[in-house]
Amino acid sequence: MSYWTIRRRDVLTGYLFILPQLAGVAVFVLLPVGMAIWYSLNDWNVFTGKQTFVGAENYAALADDPQLPKVLGATALFSGGVVVLNIALGLLLAVLLNRKFRGVTFFRTVFFSPVVVSVVAWTLVWGFLLQDNGGINGLLGGIGIDGPNWLQHGDTAMISVVFTQVVRSVGVNMVLFLAALQGVPGELYEAARIDGASSRSVFGRITLPLISPTILLTVIVTVVGALQSFAQIAVLTAGGPELSTTVLVYYVFQQAFKFNDIGYGSTLALMLLSFVMVLTLLQWQLRRKWVFYEE
Amino acid sequence: MRSRRVLLVLALAVLAIPFVVPTVWMVAASVKPLPEIFAAPPSLWTKHPTLAAYGEAFSFQPFARQYLNSVYIAVLVTLITLAVSALGGYAFARIKFPGANALFLVVLTGLLVPSEVTIVPLFQMFKRAGMINTHWPLILVTALAAPCVLATFIMRQFFIALPVELEEAARLDGLGRPGIWFRICLPLAKPALSAVAILTFLASWNLYLEPTVYITSPELFTLPQALTRFTDAYGGQMWNTQLAAATMTVLPMLVVFVLLQRQFVEGLAHSGLK
Amino acid sequence: MTTRKLLGTVALVTAAALTACGAPATETANKAADAKLRMTVWTSNEAQLKLLNSIADAYKAEHPKVASITFESLPFADYNTTLTTQIAGGNAPDLAWMGDISKDLIAADALVGLTEPLKATEGWKYDDLVDSAAKEFSKDGTLYAYPFSNSPFALYVNTDLLAKAGQKIDPAKLTWDQVAAAGAAVNAKTGKAGFVVRDFDYKSWNTLATVWTGWGAQAWSADGKTCTFASPEMQQAFTFLHDAAFKTKAMPGPGVTADFFAGDAAFTVAQVSRSALLTGSFKFGLYPLPAGPKGKYSVIGQAGVGVLASSKQRDQAVDFLSYLSNPENAAKLAQFFPPPRKSLLTGAQLAANNKVLNAAQLQAAVVDQLPNAVTLPNHTSPAEIAQKGKTALDALWTASADIPAVLNSVCTAIQPVLAK
């Protein structure tokens with residue numbers, strides 16, 4: 001066989017290998033996005049199945065929707081809170097658990113365990129615990145604190161959904177950071193210690209830069225995940241009180257499946273998509289500034 | 001030094017409370033008689049434990065069937081994803097073909113598109129295909145779209161880090177690409193594959209929005225969907241039954257995880273995700 | 001598995017996915033010879049399903065052309081969403097139970113008119129229908145769903161709890177103020193809850209119609225076009241509820257779970273059909289709703305069953321519905337659902353099959369209430385009104401709420417939907 005036969009066969013194999021994944025994305029992601037754009041230009045009556053072309057009307061409705069600014073505010077607050085806490089706590093746990101002591105395996109298991117609990121079961125239980133006469137306030141009462149009515153006030157409801165979301169999902173980031181930390185060569189620490197660097201400056205000058213690619217990955221995945229958190233909100237607060245925890249994802253679901261307004265729901269969904277795209281692109285562009293390997 | 005270590009363990013123990021309490025409370029409350037669940041002051045253990053709610057979970061809904069649904073869908077999705085992502089990830093990492101980078105970016109968009117954008121169009125597509133109220137949408141979309149893209153991403157990162165020499169030796173022995181992939185690279189990829197398997201299984205196991213949209217018959221429900229349906233004929237919550245059912249969905253996963261946790265954490269740690 | 005087999009499987013799965021998505025919907029051939037009827041219901045109660053199935057069996061015996069009649073239980077909480085999804089997905093049932101979704105279905109011409117066929121059915125006795133029951137399911141004089149369940153809201157009392165708190169009530173002259181006073185006393189003495197409007201839970205505000213009707217308030221005008229949520233009557237009614245939740249503690253506040261049927265509350269407002277939830281763990285009384293400032297009143301929650309216009313076996317479905325609702329079968333259904341037929345509405349008739357309540361209780365709480373009862377607020381786009389109203393009303397449930405301002409904001413939120 002000549003080099004070119006092998007090469008040509010290799011190229012063919014390459015295309016064949018990626019075909020299933022490419023086809024899956026084309027059929028189940030790209031095609032639906034195209035269809036969503038078309039839906040957003042139409043008005044639907046689900047009961048009769050009638051479709052009317054309305055042009056940009058649904059987009060104009062975005063500007064007139066009195067609830068939308070509050071929904072966007074809640075989305076920013078929720079996603080921002082989840083991302084910051086999730087990354088910070090994940091990194092902290094990874095650093096604490098990246099050493100040898102008795103019980104380290106136990107703690108790794110504990111902090112990861114909520115990840116395997118189904119979101120719905122997890123949230124149902126927190127729903128119980130966060131009732132005004134529930135377990136949390138029972139515990140707080142035991143040490144003389146009169147706990148707030150967690151899910152009934154805007155601020156505490158937001159804190160509750162962010163907190164339960166972070167506790168449930170931080171295990172994944174912890175493990176990813178652990179993996180990254182274990183990849184930092186020990187000699188670098190040795191050298192730094194010989195130079196008399198403090199442990200804080202070692203972390204800032206050596207550890208952080210070396211694990212920055214993982215930070216980039218976790219930030220992207222966490223941002224996307226936070227913008228898509230549906231089950232927590234649906235089960236814990238149903239978007240309330242008022243609109244305080246109605247994040248964009250939940251609002252899309254309401255419009256399209258509860259109010260049967262598929263045109264407007266699709267428009268909102270596309271807005272969500274553009275947010276995800278812009279945020280990811282921004283992180284991708286900025287990565288050269290702070291991610292170590294990306295020069 | 002010693003006191004610092006004690007301090008560290010203490011701090012971790014305090015941090016661990018919110019991670020552990022819900023699960024413990026759920027199990028404890030599931031054996032309580034209904035009036036005690038909301039008793040004030042709340043207590044963790046009951047003096048009158050009862051397994052009635054566990055029986056109720058099975059008589060109220062076809063819960064065993066729903067359990068089976070979730071298990072078989074998750075297993076199937078995991079198998080398909082393993083195959084698709086191992087193929088795709090390998091090709092993107094190792095085979096040079098025109099357009100590889102551009103096509104990889106196209107695939108990556110699959111990770112960024114929220115399911116809320118695609119759910120309505122997908123519903124229409126599956127409706128035309130006559131697949132509403134079947135498990136097909138849950139299997140196909142999960143196995144080929146977003147969770148699979150993440151898997152392909154992980155596999156690519158892993159294969160990129162694999163030494164080239166191994167493949168060259170195999171090539172000299174006369175193995176073709178598929179042979180190299182299957183006999184040389186896949187066996188080496190076990191850590192990454194196990195990480196992908198667990199993440200994909202969990203993604204399918206926890207799917208909530210999709211089943212609520214596609215599935216309407218209780219005997220086709222999956223577990224997360226079934227859990228929210230323990231309501232009496234008038235929509236009132238059957239708390240103790242719900243908790244018993246939730247316990248039954250969580251405990252097996254926790255047991256499997258505790259048994260496999262070393263392999264899993266190590267698997268992720270060495271999957272080349274750096 | 002060899003490489004080739006593995007590749008083959010992957011290719012096959014992908015191909016299956018691709019072709020499946022491109023294929024047009026396969027229309028099932030519908031011959032009258034093997035009609036298969038499907039009816040969605042929200043009950044999963046075994047006894048109720050057994051009765052429905054026995055009626056269906058009897059019908060099939062008389063009509064050999066009908067191959068099967070299935071009752072599909074959909075969860076109550078998501079019933080409307082699921083039914084809508086089925087309709088939108090071209091997978092609509094032939095018949096369906098319906099509550100507040102009925103107005104949307106009628107407005108979209110998605111239901112088959114029933115007046116003509118029922119009148120034409122021999123022995124059906126159309127004149128036997130109670131007018132007030134048929135009203136909510138009619139449009140322009142045509143009935144679109146048979147109101148098989150007309151369950152009045154009643155006041156359940158836990159007499160054990162009242163005795164423990166040293167409270168006595170006179171059911172004949174009971175007013176809301178007395179209920180609130182007794183409830184506050186129970187809460188103060190026992191720590192248990194006073195009165196609970198069942199299923200309200202600071203979310204489903206439409207159930208509060210069981211209270212505000214006593215103040216003469218309405219959510220919107222009779223034609224459904226104008227919001228009246230900010231009326232002085234409504235303000236008084238909500239002031240009463242707000243005081244009960246935050247001042248006298250007669251009603252558990254938001255975020256507090258108290259289940260009357262588990263023995264956690266002294267009073268609850270719930271439909272008579274909920275008496276099935278009584279377990280006998282405490283002594284109870286069942287009375288008509290207490291009087292409000294505007295005197296006595298009654299409220300019912302209704303459910304109907306209709307035939308979907310999209311059904312390919314419409315005539316067969318209508319025929320089955322007329323069988324299901326004929327006088328003989330209506331009498332059987334009455335053991336679970338208060339019927340819409342005058343001939344069946346006596347305390348003794350209803351008590352014959354009721355294990356928990358006696359004839360006197362049923363006469364007072366059901367039969368005497370039906371003729372003048374109002375229904376819970378009912379409108380097209382119920383989910384949107386419920387959601388927007390709830391979002392605005394959330395602001396009311398804090399101790400320092402400005403009640404008139406909040407009620408105005410409810411109108412601001414729902415008026416555009418009402419006017420649609």
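Visitor: Why is B:C148 called buried?
Guide: The relative accessible area of B:C148 is 0%. Buried means under 20% relative accessible area, exposed over 50%, and partly exposed in between (1.4 Å probe, protein chains only), so B:C148 is buried. This is a predicted model, in which local features need pLDDT of at least 70, side-chain atom pairs count only at pLDDT 80 or more, and totals for chains, interfaces and linings use all residues. Residues are numbered from 1 along each chain as its sequence is written, chains are lettered from A and ligands numbered from 1 in the order in which they are written, and side-chain values use heavy atoms, with hydrogens and water left out.

Visitor: What makes B:C185 count as buried?
Guide: Its relative accessibility is 1%, and B:C185 therefore counts as buried.

Visitor: Why is B:C185 too far from B:C148 for a bond?
Guide: A disulfide is a pair of cysteine sulfur atoms within 2.5 Å. The closest cysteine sulfur to that of B:C185 lies in B:C148, 18 Å away, and is therefore too far for a bond.

Visitor: How do you know that C:C227 and C:C411 form a disulfide?
Guide: Their sulfur atoms are 2.0 Å apart, and the pair forms a disulfide. Over all chains, the rule gives 1 disulfide. The pair links distant parts of the chain, 184 residues apart: C:C227 lies in the loop between helix 9 (209–212) and helix 10 (232–246) of chain C, and C:C411 in helix 16 (residues 403–419) of chain C. Helices here are DSSP runs (H or I, at least four residues), numbered from the N terminus. Both C:C227 and C:C411 are buried.

Visitor: Why is the disulfide of C:C227 and C:C411 called left-handed?
Guide: The torsion about its S-S bond is about -80°, so the disulfide is left-handed.

Visitor: Why is A:L282 called partly exposed?
Guide: A:L282, in helix 12 (residues 262–290) of chain A, has a relative accessible area of 48% and is therefore partly exposed.

Visitor: How do you know that B:R177 forms a salt bridge with A:D10?
Guide: The term requires a side-chain nitrogen of Lys or Arg within 4 Å of a carboxyl oxygen of Asp or Glu. The closest N and O atoms of B:R177 and A:D10 are 2.6 Å apart, and the two residues form a salt bridge. Across the interface of chain B and chain A, the rule finds 1 salt bridge.

Key: Helix = DSSP H or I, 4+ residues; strand = E, 2+ residues; numbered from the N terminus.
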